[in-house]
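Thanks for coming. I will go through one chain, element by element, and keep to what the coordinates give.

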Amino acid sequence: RVVYEENHYWTQARHARLRADRHRCRRCFTNLGLEVNHRIPRNGRGYGPGCHHHQDNLETLCHRHHVEVTRIQRVARKRAQTGRAEQRRARAKGNG
């Protein structure tokens with residue numbers, strides 16, 4: 001039951017990831033200002049139960065690195081969304 005909770009419930013998953021990473025940022029190894037990041041970003045808001053909290057999708061980062069990684073993830077998501085929109089437009093025109 002504990003393993004299930006540590007992979008599906010945010011509070012338990014977050015604490016388990018911090019313990020697994022020995023309360024250190026995975027990038028710079030500081031123990032200050034730690035946050036837990038979803039490697040595959042959450043789609044939408046909220047941290048309800050689900051498989052997106054599996055330990056292999058989480059990493060401990062300091063605030064600075066979390067902001068940096070989140071920015072990169074947002075840019076990648078926007079590029080992917082733009083690419084899909086362009087593909088839809090091309091198909092609608094009969095070019096794809």
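Where is the place of Phe29? Phe29 lies in the loop between helix 2 and strand 1; helices (H or I, at least four residues) and strands (E, at least two) are DSSP runs, numbered from the N terminus.

Before going on, the ground rules. This is a predicted model, in which local features need pLDDT of at least 70 and side-chain atom pairs count only at pLDDT 80 or more, while totals for chains, interfaces and linings use all residues. Residues are numbered from 1 along each chain as its sequence is written, and side-chain values use heavy atoms, with hydrogens and water left out.

On confidence: pLDDT is the predictor's confidence in each residue, from 0 to 100. The protein averages 89, and 95% of the residues score at least 70. Helix 3 has the lowest confidence, with a mean of 87, and strand 2 the highest, at 97.

Phe29 is not a glycine, yet its phi is positive, about 70°. Phe29 counts as exposed, at 56% relative accessibility; the classes are buried for under 20% relative accessible area, exposed for over 50%, and partly exposed in between (1.4 Å probe, protein chains only). His23 is in the loop between helix 2 and strand 1 as well. The phi of His23 is positive too, near 55°, and His23 is partly exposed at 41% relative accessibility. Just after helix 2, Arg22 also has a positive phi, of about 55°.

Val3 sits in helix 1 and is exposed, with a relative accessible area of 60%. Its C-alpha atom is 9.8 Å from that of Gln55, which is 52 residues away along the chain.

For aromatics, rings of Phe, Tyr and Trp (its six-membered ring) pair if their centres lie within 6.5 Å; planes under 30 degrees apart count as stacked, over 60 as edge-to-face and the rest as tilted. The count comes to one aromatic pair. The ring centres of Tyr4 and Tyr9 are 6.1 Å apart with planes at 70°, so this pair is edge-to-face.

Helix 2 covers residues 10-20, with Trp10, Ala13, Ala16, Arg17 and Leu18 buried. Those buried residues pack against helix 1 (2-8), strand 1 and strand 2, where contact means heavy atoms within 4.5 Å.

How do strand 1 and strand 2 pair? They are antiparallel, over five bridges; two strands pair if DSSP finds at least two bridges between them. One of the partners in strand 2 is Glu59, which bridges to Asn37. Four of the five residues of strand 1 are buried, so strand 1 is largely enclosed by the rest of the structure.

Last, helix 3, residues 63-93. The expected span of a helix is 1.5 Å times one less than its number of residues. For the 31 residues here that gives 45 Å, and the end C-alpha atoms are 45 Å apart, which agrees. Buried in helix 3 are His65, His66, Val69, Thr70, Gln73 and Ala85. Their cover includes strand 1 (34-38) and strand 2 (58-62). After helix 3 comes Gly94, with a positive phi near 90°.
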